[in-house]
Amino acid sequence: MHSTSTETRRFHRWGTLFLAMVFLLSSGSAWAQEEDDEAPEQIIVTGSHIKRSSFEGPSPVEVLTRDDFALQQPEVITDITRRLTGNTGAEFQEDQFTQNATSGTASVNLRGLGLSSTLVLINGRRAVTSPGAPNTGATFIDINNFPVDLIERVEIVKDGAAALYGSDAVAGVFNFITRDFEGFELTGSWQSTTEDLATKDAQEDLRLAAVFGVQGDRSRFTGNISWLNRKPLDFENRKFTLEQDGVLLGTSGLGSPPSFIPLGVNPAGFAPLVQAADPGCDTAENSQTIPGGVVLPGGVGSPTTCQFQFAPSFQLVGRETRIDGFGTFEHDLTDTIKVFAEIGWNTHRNSRTTSPSFPALSFPQIPAANPGNPTGTGVGAGDGVPVVFFGRAFGEARGPEVSRNQIDTWRVVGGFEGELQDVVSLTGGPELPDFISDVTWSFDYIWTESRLNLRTADTLAQNFFDALDGFAGPDCDRGGAGAPTDPDCFFFNPFASALTAGPGDPGFNDPLVIDEILGKIEATTTTQLQVFDALFGGTALDLPGGRLGWALGFQYRSESRDLETDDNSQADRFLFTVGTPEVSARRGVFSVFGELQLPVIDGVEIQFAVRHENYTTAGNSTDPKIGVKIEPFQMPGLDAAPEFLLGTTIRANYSTAFRAPSLFQQTATGTALEGLVDTPTSPLSPQTFRAQRNFGDPDLDNEESETISAGLTFEPLDGLSVSADWWYFDYEDIIVRPSAQAILNAIAAAGAAPGSAAEQAVCNATPGCLSILRDPDAGNALLRVNTTFFNAASVTTDGFDFAFEYTFMPNDWTDPGFDLGVFNLKWDATYIRQFEIDAGGGLGKVDVAGQRNFTNFSSSLPELRWNLGLIWTWENLTIANFVRYIDDYEDDEGLDGTPGDKIDSWTTWDLSIAYQFEEILGGTTILSTSLINVTDEDPPNVLTNGGFDTKVHDPRGRLWQVGLTHIF
């Protein structure tokens, strides 16, 4: 266990004292009822620290209200965000092949600029990063931790916002704002895949939630609690995950039964020095003999491999249980001074199946005495020759292994806000001058922590090697004479003959031996964030267009990340999983920021903002922003324009932004298991499943960007709004983990032989590549690719957002004698015009818009996405239709050896129906049902492990959902 630093302990003590003051001052007449006439509320809108009464500022801000996403009947937050057209390449569902440690979590990825490049806030305040990281090493906020039933609206700033919010706001900001609610609300919902509805294989979700709130004149409290139980969905329930166009997916040349190379002439007649499949390969489930394999120098003949399909062991959706609770509290101490608090907690338990065991990435020799050695005259004959082993300890006969994640997250917020004049008046002070009497202030403290416990299993390397040599068993003296003479020592038989052997047979594997060679992996990662915020604001001067608004703020953050692992992982004792040392890292961040809102004349507003942020471990950055909003037909002399032009708004912004390297990128060592296509000259080409071990670098520099955006909103008719925005990002010094596939491709292009000095030379010349590890005793088969994070990449991207919304009532046009209700037609789209990357190393720049980007640091980037919705409301009935389109794009992985295949476009239709019943059980009842993906469209085929793109498409097919909400 790691001790907390003196700085963090001091921070925690002061934070605890601050929260105690909050709750002390909020005690007393919390629910006193007083009548006050209130002016329209001024609020802080995302994209500005200056209070205003509307969402209209210079920044391009998209606002999703509760009415918008209630039509989608979300179960978790990602059900809202994954459908947004500007959010591309996010990770929001199960994918053990590229994000093994993030099961059950969800992220956002504005503009495809990376999971770490979008800042996520809740009620305008920072949240702790997820302790789990995907294979790329990106850090992100798990949005599924936020209470979906309690979200009132989502405000999305869609350009750089570091000048206002600091590091990570490169691509923009998602701000989730919670509800003020009075009463008691109960919700229950059930969702199921329809393809499997008649069987026990259906993937089902059952969810229960309660929201409760009290609203007094001086005090307000809103809270919720929810429970979600999710059943799994196996790969075998969706055939596209197992085979496409005759190509088996999720396969390995290292299976159980294994393959082997005889190291001499043998009685069984296998060709010496030539790989052969286990004779019992085809009798085992999910295994088959295929041509190809290793031929050692001097060998003659055609090799074969026992190919194992591990895909049936995996799941598209894991088994999951979530319990969430969240509450907000406010109390007015005076008419303008209030105390506020938040508290949140959630626990998430996820389990999913995986391979029965992992491959042996070193290729041991098995002695002739091993009873399963197939080169002899019979099982247990012992008259064969030693063989080189290509396989894994266990296959389909043992059944899948189960990996388990548990994530617990806690959040506590407390603070005060008010006006300066009231503070002075409370202390008996005089009336302040007008220019400072309306100054507002706020102070808050945030403490939040998230802890991930990951448990799985792997084969203990030395125990496995000992067992192959006959030195297994709890009483075996490994330093003695050993097998086969020691009765306390046993062999492990990894060959197909073990599948039919019974107790007493020479090839039988004793359960004690199996227990001895398997080891449990356990790792606990804890991330913590503490923040002190101070913000002051007000107005100062009268300008021709109104009062000048200003804001000034200070912030101090303390971040930490701690990893604890089991002894076997620390000592790197596993056969496949590469262990990692325990790591403890922490840092402090101080920032100061300011903002001006200048209403120059009627119809013209200018925003200036600047922020300086200093890291104890990553240097500093100063970032400005300037934005202009023009309502041309509100300007003097132009306000007599035609009515259809009066709602026109033009906006433009320029800003710089930065992202500091995360603690993970600076300190962590992580291992990812990748489905790779090795070099054509490799003995295991064309596909293999190998480890990439990536190392942190404490000397990484900040990422930096420039952002320009310009937009137009036009309201030619009542109820009609049309908008278009252009955005441009120039993003440099991006921190990336190199693509192991790109490294192998570079080696192949150079014609470097596996294991040669030329191969290492290519690695040395490739950014981030440290070494290529191969086994010289097994034909230089690939073992592992070692890499490190580096600052080298850049992105230049631009594109357009479009939105159209028209609300109309047919009765305004004609009178059929009855009410036709209200129609709302909406369409939004995002088009990526270019996404030009430079990965460094002299590789040049290339436009990767419209590609899957498996072989570089970018994410999946379909060029065009759009949603078209038609919502009809008639009295208490609402029917919502949404058609969603994702453009086709190229696959650059090519497991069949032909990268460049098209991933087809995908169009789905969602239908929701809701009816509201009044005065039932003293309240309102809403009954709803939905069909998601009405026409049951499979995701487009991708020749990769899993068979589809987990960052873009949904594999579940048609979903039927029924929900019931009662509001007392």
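Is aspartate 245 buried or exposed? Aspartate 245 is exposed, at a relative accessible area of 75%; here exposed means over 50% relative accessible area, buried under 20%, and partly exposed in between, with a 1.4 Å probe and protein chains only.

The model is predicted, so local features need pLDDT of at least 70 and side-chain atom pairs count only at pLDDT 80 or more, while totals for chains, interfaces and linings use all residues. Residues are numbered from 1 along each chain as its sequence is written, and side-chain values use heavy atoms, with hydrogens and water left out.

**Backbone exceptions**

Most residues other than glycine have a negative phi, and most peptide bonds are trans. Helices (H or I, at least four residues) and strands (E, at least two) are DSSP runs, numbered from the N terminus.

Glutamate 875 also has a positive phi of about 50° without being a glycine. The loop that holds glutamate 875 runs between strand S41 (864-874) and strand S42 (877-886). Glutamate 875 is exposed, with a relative accessible area of 58%.

A cis peptide bond leads from serine 256 to proline 257, with omega near 10°. Proline 257 is found in the loop between strand S14 (251-252) and strand S15 (259-262).

Strand S4 covers residues 118-122, and five of its five residues are buried. On one side these are Thr118, Val120 and Ile122, and on the other Leu119 and Leu121, so both faces are covered under the cut-off of under 20% relative accessible area. Two strands count as paired if DSSP finds at least two bridges between them. S4 pairs with strand S7 (residues 172-178) in the parallel sense over five bridges. S4 is also joined to strand S5 (residues 125-126) by two bridges, and these two strands run antiparallel. Isoleucine 122 takes part in both pairings: it stands opposite phenylalanine 176 in S7 and opposite arginine 125 in S5. The hairpin of S4 and S5 has two residues between the strands, and there asparagine 123 takes a positive phi near 55°.

**Disulfides**

A disulfide is a covalent bond between the sulfur atoms of two cysteines. Here a pair of cysteine sulfur atoms within 2.5 Å counts as one, and by this rule there are three disulfides.

| Cysteine pair | S to S distance | Torsion about S-S and hand |
|---|---|---|
| Cysteine 281 and cysteine 306 | 2.2 Å | 90°, right-handed |
| Cysteine 476 and cysteine 489 | 1.9 Å | about 90°, right-handed |
| Cysteine 763 and cysteine 769 | 1.9 Å | about -100°, left-handed |

With bonded cysteines counted along the chain, the pattern is 1-2, 3-4, 5-6.

A disulfide joins cysteine 281 to cysteine 306. Cysteine 281 lies in the loop between strand S16 (276-277) and strand S17 (287-291) and cysteine 306 in strand S18 (residues 304-309), so the pair ties together parts that are 25 residues apart in sequence. Cysteine 281 is buried, with a relative accessible area of 1%, and cysteine 306 counts as buried at 0%.

Cysteine 476 is buried at 10% relative accessible area, and cysteine 489 is buried at 9%. Cysteine 763 and cysteine 769 are buried too.

**Salt bridges**

Side chains of opposite charge can pair when their charged atoms come close. A salt bridge is taken as a side-chain nitrogen of Lys or Arg within 4 Å of a carboxyl oxygen of Asp or Glu. The structure holds 49 salt bridges.

One of them pairs aspartate 910 with arginine 83, with the closest N and O atoms 3.7 Å apart. Aspartate 910 lies in strand S45 (residues 906-920) and arginine 83 in the loop between helix H3 (78-81) and S4, so this pair ties together parts that are 827 residues apart in sequence. Aspartate 910 and arginine 83 are both buried.

Another salt bridge joins glutamate 613 and arginine 557, at 3.3 Å from N to O. The pair links distant parts of the chain, with glutamate 613 in strand S29 (residues 604-615) and arginine 557 in strand S27 (residues 546-565), 56 residues apart. Glutamate 613 is buried at 0% relative accessible area, and arginine 557 is buried at 1%.
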